[in-house]
Amino acid sequence: MITTQNLLIRPYKLEDSEYFFKSITNNREYLYDYFANMIKINDSLESAKRYMEQKVIDWKENKNYACGIFLKENNEFIGHISVREIDWRIPKGELAYFIFEKYSGNNYGAESLMAFKNWCFAKKRFNRLFMKIAEENIASIKVAERSGFVYEGLLKKDYRKREENLTDMKIYGYTEDLKLIRTTSQNTDFANLIIKLDENLASRNGDMQEYFNQFNKVDAIKHVIIAYVNGVAVGCGAIKQFDSQSVEVKRMFVSDEYRGRGVAYTILKELETWAKELHYTSAVLETSNVQTEAVALYTKSDYRVTENYGQYAGIETSICFKKEL
């Protein structure tokens, strides 16, 4: 299940058939221009049940991921989103969605599209998503662009609406370009990411975070890595001298929506490369036992638990790691 500020996005279940059929029927005219096939194959409750059964099977077999969009406050069904025509050799797939007429104009389309897109990249490791949008569907084009999709070209006479002439379809694609830069703690993007990091740590560590904050000053760090995805700062990390042979890894963070993509691992590897260039031979770091994702990252990256050092000695919630570079 995907949760956003206002929405729940979850895979369909067999018991969704009845209200799915009712909603599709009530929105028949509204959806028919661009979702004619869905209307046709769900023209009865029995066909809707078969549709749901197939969607459940497709999900298990990784052929198609179809979800209902629901309001978080009352679990009301307000739309549909899916990725289909999946080619796992890339991997890539075609993304399509709709919000029922009653709920349009509330930014739910953009909210669901952004969240589902991020889920596809983080959890299913897609490398490309694309959407086909009719030239005259200006509203959907704006939603796609706000969600990071970029115009790639025009498919001439690619779709027929009702009994009208064939319609040109625009292709909008989304891929992720990860770039790292080396900078210092004076970088504004780094400062903004640290604000998010400290908010996250405070929510996890509670009152203990006040103690840790005194050791996390970043006003004079000379070696900072920032990760950008499509030009957006999404993660960071830093190193500072620990002793004559070692650096300490500090301020590792990746924004929630970009976790699960290997961004933190890439940042950490770049920090290690930088440390070796500076002729350090080992790296140490501290994290909290509630930071399960961080513990998994460092273990995967061949860091080994070591005795708590310095200010972390005797702190039961701290876990210290060391790695020979």
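1. Is Asp-87 buried or exposed? At 15% relative accessibility, Asp-87 counts as buried, since the cut-off for that label is under 20%. Bear in mind that we're looking at a predicted model here. The partner of Asp-87 is Arg-89: the two form a salt bridge, with the closest N and O atoms 2.9 Å apart. Arg-89 itself is exposed, at a relative accessible area of 74%, so this salt bridge has a buried end at Asp-87 and an exposed end at Arg-89.

2. On to the other salt bridges. The whole structure has 19 of them. One to look at is Glu-277 with Arg-182, at 2.8 Å from N to O. Glu-277 sits in helix 9 (residues 263–277) and Arg-182 in strand 9 (residues 178–183), so the pair ties together parts that are 95 residues apart in sequence. Both ends are partly exposed: Glu-277 has 44% relative accessibility and Arg-182 has 35%. Glu-270 joins in too, as Arg-182, Glu-270 and Glu-277 are linked in a salt-bridge network.

3. Lys-322 and Glu-324 also make a salt bridge, with 4.0 Å between the closest N and O atoms. That value is worth a glance, because the cut-off is within 4 Å. Lys-322 is partly exposed at 35% relative accessibility, while Glu-324 is exposed, with a relative accessible area of 56%.

4. Strands 4 and 5 run antiparallel and are joined by 7 bridges.

5. Which of its residues are buried? They are Ser-140, Ile-141, Val-143 and Ala-144. Seen down the helix axis, the buried residues fall within an arc of 160°, so they line one face of helix 6. Ala-139 and Arg-146, on the other side, are exposed. The cover over the buried residues includes strand 5 (92–99), helix 5 (108–123), strand 6 (128–134) and strand 8 (166–174). Just after helix 6 comes Gly-148, with a positive phi of about 95°.

6. Most residues other than glycine have a negative phi, and most peptide bonds are trans. Ile-90 and Pro-91 are joined by a cis peptide bond, with omega about -10°, and Pro-91 belongs to the loop between strand 4 (77–87) and strand 5. Asn-62, not a glycine, has a positive phi of about 55°; the residue is in the loop between helix 4 (45–60) and strand 3 (65–71) and is partly exposed at 31% relative accessibility. Glu-85 is another non-glycine with a positive phi, near 50°.

Conventions: Residues are numbered from 1 along each chain as its sequence is written. This is a predicted model: local features need pLDDT of at least 70, side-chain atom pairs count only at pLDDT 80 or more; totals for chains, interfaces and linings use all residues. Side-chain values use heavy atoms; hydrogens and water are left out. Buried means under 20% relative accessible area, exposed over 50%, partly exposed in between (1.4 Å probe, protein chains only). Helices (H or I, at least four residues) and strands (E, at least two) are DSSP runs, numbered from the N terminus. The arc is that of the directions from the helix axis to the C-beta atoms. Contact means heavy atoms within 4.5 Å. Two strands pair if DSSP finds at least two bridges between them. A salt bridge is a side-chain nitrogen of Lys or Arg within 4 Å of a carboxyl oxygen of Asp or Glu.
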